[in-house]
Amino acid sequence: MTKIKTEKQYKAACARIEELLKVVSNDTPADDRNFLELDLISDLVADYEEEHFPIEAPSLVDVIKLRMYEMGLSQTKLSEILNVSPSRVSEYLSGKCEPTLKVAREISKKLNIDANIVLGV
């Protein structure tokens, strides 16, 4: 099989992956036929999923909220870190306005968020 073309094939491939996961472990040699089959089918399933179930890039608001949670930051503390007013942070988080380039740079640096996400590219 070179490509999964139908949902029926996709479901069958997923079922086969489940079966193979029961017999393949981290200790299975790379030349084991079950390991090889699992590797090949997994690649086919991944290709099908990328085409039919694409994952969109997260929005800047979602990433900022996640990072705030991870860092234990309130909106007030974030405003201090970014050197903007708490109301401005609220506007960013509600999507009412976008950060200026200067603030975007600070978001990227101080929250360790990829610049591509911050700039929406």
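This is a predicted model: local features need pLDDT of at least 70, side-chain atom pairs count only at pLDDT 80 or more; totals for chains, interfaces and linings use all residues.

I began in helix α1, where E19 and R16 lie 3 residues apart and are therefore separated by about one helical turn; I take helices as DSSP runs (H or I, at least four residues), numbered from the N terminus. Their side chains meet in a salt bridge at 2.8 Å, N to O, the term standing for a side-chain nitrogen of Lys or Arg within 4 Å of a carboxyl oxygen of Asp or Glu.

Residues are numbered from 1 along each chain as its sequence is written, and side-chain values use heavy atoms, with hydrogens and water left out.

I then looked up accessibility, where buried means under 20% relative accessible area, exposed over 50% and partly exposed in between (1.4 Å probe, protein chains only). E19 is partly exposed at 44%, and R16 is partly exposed at 27%.

Next I turned to helix α4 (residues 75–82), where K77 and E80 are also placed 3 residues apart, about one helical turn. Their salt bridge spans 3.7 Å, N to O; K77 is partly exposed at 41%, whereas E80 is exposed at 52%. Salt bridges with shared partners join R16, E19 and E37 into one network.

I also checked E51 and K3, whose side chains form a salt bridge at 3.5 Å, N to O. This pair links distant parts of the chain, with E51 in helix α2 (residues 33–52) and K3 in the segment before α1 (7–23), 48 residues apart. E51 is partly exposed at 48%, and K3 is partly exposed at 45%. By the rule above, I count 8 salt bridges.

Last, I asked how much space lies in the largest pocket. The volume is about 180 Å³, taken as the space filled by probe spheres set on grid points joined across faces, edges and corners. A pocket here is an open set of points on a 1 Å grid over the protein atoms alone, where a 1.4 Å probe fits, with protein on both sides within 12 Å along at least five of seven lines; lining residues have an atom within 4 Å of a point. Of the 13 lining residues, L60, Y92, C97, E98 and P99 are the closest to the centre of the pocket. Helices α3 (60–71), α6 (101–111) and α7 (115–119) each supply at least two residues of this lining.
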